[in-house]
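Me: I would like a close look at one part of this model, with the backbone around it set in context. Please keep the account plain.
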Amino acid sequence: MSSWLDKIVPAGILTNLGTKDRRSNVPEGVWKKCPKCAAALYKPELEKNLEVCTKCEHHMRVPARDRLTMFLDANSQTEIAAEVEPVDKLKFKDIKKYKDRLAAAQKVTEEKDALVAMKGKLMGIDVVAVAFEFNFLGGSMGAVVGERFVRAAKVSMEQGLPFVCFSASGGARMQEALTSLFQMAKTSAALEKLKQQGVPYISVLTDPVYGGVSASLAMLGDVNIAEPGARMGFAGPRVIEQTVRETLPEGFQKSEFLLEHGAIDMIVNRHQMRATVCRILSAMTHQPAPVAEA
Amino acid sequence: MNPNYLDFEQPIADLETKIEALRLVGNDNELNISDEIAKLSAKSVNLTESIFSNLSAAQVSKVSRHPLRPHTVDYIASIFDDFDELHGDRHFGDDQAMVCGIARLSGRAVMVMGQEKGRSTKEKVARNFGMPRPEGYRKALRMMQMAERFKMPILTFIDTPGAYPGIDAEERGQSEAIAYNLAQMSGLKTPVIATVIGEGGSGGALAIGVCDQLNMLQYSTYSVISPEGCASILWKSAEYAADAANAMGITSSRLHDLGLVDHVIKEPLGGAHRDADLVAASIKSTLISQLAELDLMDADTLLDRRYKRLMAYGLSS
């Protein structure tokens with residue numbers, strides 16, 4: 001039943017007004033503020049809605065493991081190359097030690113590094129899917145990300161299973177220096193081999209994808225898909241602004257811009273991701289079209 | 001300050017100025033003065049030796065960007081014969097930051113290419129300071145695929161601060177252009193030798209750097225991000241560029257020790273610009289002998305070897 005207040009104040013205003021006050025009154029961890037529209041969202045509901053804001057449709061970042069769980073069929077997953085773990089070969093140290101940064105990232109994310117790889121089923125079709133963990137040092141690509149990626153691609157090749165990658169990354173991992181740069185060549189070469197063998201590869205860009213990851217594995221999909229509002233580019237907006245000394249156009253490097261400039265094939269809402277990818281992959285592999293999910 | 005010398009070379013510059021001044025007054029008291037010149041010249045060599053025997057990564061980075069350092073077009077002119085430059089990506093335009101063409105290496109037909117920074121101010125602008133746009137990478141790939149068809153080896157020269165970070169470059173797919181080159185180069189059925197001659201800046205360098213043999217000139221650098229860029233992100237200030245250069249290990253000797261670079265080509269004392277012909281001759285003989293080895297492999301062996309090299313990057317042995 002709606003109160004007298006609902007009748008006199010439009011919903012949007014009430015939402016915005018309510019945010020601050022309500023936040024201070026609720027137990028920590030039950031509500032999440034949408035970074036785009038600032039609406040306070042009830043976490044269990046948000047989770048059910050695949051981390052898409054129920055008010056403005058903003059697609060929030062999703063941890064790698066959750067991403068694969070929401071993408072693949074329930075109880076169908078087997079992890080690939082989990083045993084590959086990071087080594088600080090250079091003993092790299094900036095204001096913090098790389099070793100300590102790794103330990104901190106591992107603690108926060110409960111992952112060993114920034115890529116999780118799984119074999120599993122997508123609406124009944126066998127696939128290999130990998131996802132970047134953005135909270136692990138900005139999803140940066142170092143030796144472990146590269147190695148897990150090519151091992152997953154190898155499972156794809158050997159078993160003839162379509163390969164899907166959800167990228168979210170700031171680029172190459174500076175603390176691994178040239179080795180991280182060479183992961184671009186390594187992952188791209190594995191994808192080229194996959195292509196030669198006629199195995200489909202779908203690259204899904206999720207916000208954000210930059211630098212060494214966009215300029216390698218993320219832009220090499222047979223089909224490149226982006227989530228709404230995802231940003232992708234080679235150079236970040238700040239670097240470009242400093243170089244060209246111009247203000248960047250509205251929506252620069254966002255998925256709508258990417259579609260307009262021919263960089264991606266389609267923009268797909270998270271709720272349609274499973275069905276869309278499955279439809280395309282089943283066609284590419286000449287399997288029966290998927291039956292729509294309830 | 002003498003612009004032909006870097007900051008840490010100023011003591012050498014001062015000595016050289018003195019020597020030059022002595023030469024000008026050379027006519028009176030000839031004997032004494034030539035003695036003095038010889039003494040100072042020896043001192044200058046010693047000083048150069050002592051400075052260059054112990055360069056920090058940041059100092060090497062400065063040598064790699066020395067204003068007199070030979071560029072791609074200089075090496076093409078001195079190493080090869082009958083160079084015909086070929087232009088354009090056939091889709092959008094001709095990127096002058098990337099120079100490509102057919103030439104002869106000691107009689108043998110080859111495809112050569114590399115980033116070119118330009119020398120004069122006007123030329124630097126025309127060549128965008130050696131920062132290619134997507135059309136530059138697509139031109140390079142067109143030439144590589146042509147080389148494959150006509151069974152020419154591909155010789156690339158790397159010298160770039162990086163791929164151009166601009167609005168137009170993003171609009172035309174800078175990421176895709178680089179990514180596609182990386183993928184395609186891994187499967188080219190012809191030998192590829194890459195030589196870093198100056199600055200090997202990130203993905204913009206690697207986009208012509210997937211190869212069977214990776215060389216670096218002694219005082220060149222190769223890194224995932226510029227020391228300044230790395231410092232401003234990890235140290236929150238570009239002032240720490242020297243620390244970043246050191247931490248990343250961007251020098252030829254360090255990268256050779258790490259097994260990421262196959263061969264280091266020595267430079268004359270003081271850097272390549274002190275004797276560009278000598279460096280060109282070293283590069284030439286290196287390329288000839290490396291090609292002779294790669295020639296012994298058939299296409300499948302070559303591709304298999306290249307793939308295994310790529311897959312081995314980052315594996316802890």
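In which strand of chain A does A:P208 lie?

Reply: A:P208 lies in β7 of chain A, a strand that covers residues 201–210. Strands here are DSSP runs of E with at least two residues, helices are runs of H or I with at least four, and both are numbered from the N terminus. The model is predicted, so local features need pLDDT of at least 70 and side-chain atom pairs pLDDT 80 or more, while totals for chains, interfaces and linings use all residues. Residues are numbered from 1 along each chain as its sequence is written, chains are lettered from A and ligands numbered from 1 in the order in which they are written, and side-chain values use heavy atoms, without hydrogens and water.

The peptide bond that joins A:D207 to A:P208 is cis, with omega about -10 degrees.

Elsewhere in chain A, the loop between β4 (115–122) and β5 (125–132) holds A:M123. Phi of A:M123 is positive, near 45 degrees, and the residue is not glycine. A:M123 counts as buried because its relative accessibility is 18%; buried means under 20% relative accessible area, exposed over 50%, and partly exposed in between, with a 1.4 Å probe and protein chains only.

Chain B also has a positive phi in a residue other than glycine: B:S106, near 50 degrees. B:S106 sits in the loop between β2 (98–105) and β3 (108–115) of chain B.

Back in chain A, A:K93 is placed in the loop between β3 (78–80) and α5 (98–109). Its relative accessibility is 48%, so A:K93 counts as partly exposed.
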